[in-house]
Amino acid sequence: MSQIEVFAQLTLNGIAVGAIYALVALGIVLIYKATEVLNFAHGDLLVVSAFSAWGLIAVAGLPFWLALLLVVLGVSALSYLLDAFVIRRIAGQPQFAGVMLTIALAFMMRGIVSMVAGPEARNYSTPFTGQHSTVAGIAIGHLQLVILGITLAVTVTFFLFFRHTRLGVAMQAASQNQLAAYLNGIRVKRVNSLVWALAGACAAVAGVLLAPITLVDLTLWFVTLKALAALMLGGFGSVPGAIVGGLLIGLIEQYAGVYLPDGSKDIAAYLVLIAVLVVKPTGLLGEAHGRRV
Amino acid sequence: MHFDYHTRYSEGTALFKRPADKLAYGLLLAALLVLPAVLSPFFLGELSYVFILCVASLGLMFLTGFTGQVSLGHAAFLAIGAYAHAWFLARGLPWPLSLPLAAMLTAVVGVLIGIPAIRVSGLYLAMVTLAFSIIVEQVIGLWSSVTGGFTGLAVEDPKLLGWSLSGPKAFYYTCLLVLVGVLLGLLNLLRSATGRALVGVRDSEAAAYALGIHVQGHKVAAFGVSAGVCGLAGGLLAHHLKYLTPDGFTLLLSLELVLMVVIGGLGSLRGAVLGAILISLLPTAISRIKPLLPDSISKQFGLEIFVFGLVLAIFVLFEPGGLNARWLKLRALLQSFPLYRRDTFKRQKRYMKSERYK
């Protein structure tokens, strides 16, 4: 392979992985904007999704798309209930309480998954596993194309949803000013729980798509940290920033794996995170937020 | 309920609030001193480990509870302290010199990591420390000429003036000595002007700044002190582990430290100690109750982490003040026994408050 082909291949892989990071980051930023809770349990929603998908596909033998649909519905319901029964209780407490509570939920979910399914890694097959086309010397996996397509579809759907539906506008209103939204007849609590459900759906899609690339494994939750790096890079609290940041982190990781010394692939995302926060804390597309005194 | 009515300025900064405290803490210390005579070496080893975690937890509490800076990566400072100590020992430095040197080196790293804290705070700072901790873990794995890489690094036995401190009793007393020293040091620091300034920075940066406190300097200094204390704990931990690998200092350890300070109760050194005791004994307790559970649950791997999560969730939801608040309530109940009113500590209803500035 020539230099350019290697570069193109890396770029393609980076965009595919970055699309997953973007999806995860999107879920986190939705919740953050709506409830000001930084959801550390998001990666564990991915773990739950991946293991349920494994159960449905590899054990129960359902077709991939049906399993995807079921997992999305199930995990959305789970995260709706999480907000309605647990997270909502700490409204009004400092941000740190939200971080701690979601870490606690993350531990519990990881523990339950590990108790039910066992800690060993496993895999399931999709209709696209192992298939690829070659264009100009670059191998394009069909799974990567599906990931890109679905991420694009989810993003566009969200954009239209937030712009053009009553519920979407209500969600925007509630995230901007809860009291004013409430006085205008928006049921803020329910809307927030629905935002959690949306984010859960995001996590489910990301989990079901990421697992065939890596493995169905408890360490999938580490993607939360990559997504957080993506969020910081893109600008915390900005939805387009989440997408751009996710893609950039995916690319940076792939390039670092080849062009930088050994071991830098694993820490590239975190180095970027620190550098961004030190140099430009608002990120690339972030809006400047002061802090209330 | 007991309220502190101060009639002199000196009472506000007294080390012991009441004469009874002197007696109580004296008795506790005496009990800890005679404990090695009755306990088996296994329990002494466990207790030494608890003391080490108490030191680390105090270090984090100083930063998070008293300066208001959240760190999700303090395991990195433990790791740096442990590896530096082991490395100094291997170079032939005497033990009493190596441990403070390791702590000082960790403090310097802490100051360097604290510098971003000037620009970012809150969640952003938590992210920086989290990323730092992951990077340190990887660097330790890759820098094998100094750290032994993933194969690990053996730690030499502690020696003081020709005596070996590696026996369970000697090590127990060493850890106890360090813990008491750190506790007294932090208590005295906190009742000094610097400590008051740190609490001021925690409660309102703007107000502290307006009162002439050098906010940025104090924040960075707090990072340095906290990292130094954790480096000290790391040095002791190196002897407890006897063999260092990067796996010993993962993100999970950082999160456990955060758990200790949160469950203990932010803003109290007593809480840091109580939290460290609870969290470090929890795995032992779980392994004790495992035989009582049905096989399908007890054989599984995830029970421990599930219980950790459950305990943390219960505290965040129902007792945000942590073990320290629970202890204060219990004490109030005992002191005012027949007259205790249930609503003394009633929590007020709170509403969503945005930390965003619009």
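This is a predicted model: local features need pLDDT of at least 70, side-chain atom pairs count only at pLDDT 80 or more; totals for chains, interfaces and linings use all residues.
**Where chain A meets chain B**

- On the chain A side, 44 residues are in contact with 44 residues of chain B.
- Three elements of chain A give two or more residues each to that side: α4 (95-117), α9 (223-234) and α11 (264-279).
- The biggest giver is α4(A), which puts in 17 residues.
- Sorted by class, the side of chain A that touches chain B has 29 nonpolar residues, along with nine polar and six charged ones.

**Chain B as a whole**

- If you count up the secondary structure of chain B, you get 17 helices and four strands.
- Chain B has a radius of gyration of 21 Å, and that agrees with the value near 21 Å for a compact globule with 358 residues.
- Along the principal axes, the C-alpha trace of chain B spans about 60 × 50 × 50 Å.
- Of the 358 residues in chain B, 42% are buried.
- Take the contacts in chain B with a separation of 6 or more: 76% of them come from residues 24 or more positions apart.

**Positive phi without glycine**

- B:K242 is not a glycine, yet it has a positive phi of about 70 degrees.
- You'll find B:K242 in the loop between α12 (215-241) and β4 (243-244) of chain B.
- Over in chain A, A:E36 has a positive phi too, of about 60 degrees, and again it is not a glycine.
- A:E36 is found in a loop of chain A, the one between α1 (3-35) and α2 (42-59).

- Helix α2 of chain B (residues 19-38) is where B:L28 lies.
- B:L28 counts as exposed, because it has 10 C-beta neighbours inside 10 Å.
- From B:L28 to B:F337 is 309 residues in sequence, and in space the two are 24 Å apart, C-alpha to C-alpha.

Definitions and conventions:
Residues are numbered from 1 along each chain as its sequence is written. Chains are lettered from A and ligands numbered from 1 in the order in which they are written. Two residues are in contact if their C-beta atoms, placed from the backbone, lie within 7 Å. Ala, Val, Leu, Ile, Met, Phe, Trp, Tyr, Cys and Pro count as nonpolar, Asp, Glu, Lys and Arg as charged, and the others, Gly among them, as polar. The radius of gyration is taken over C-alpha atoms; the globule rule is 2.2 Å times the number of residues to the power 0.38. A residue is buried if 20 or more other C-beta atoms lie within 10 Å of its own, exposed if 12 or fewer, and partly exposed in between; C-beta atoms are placed from the backbone.
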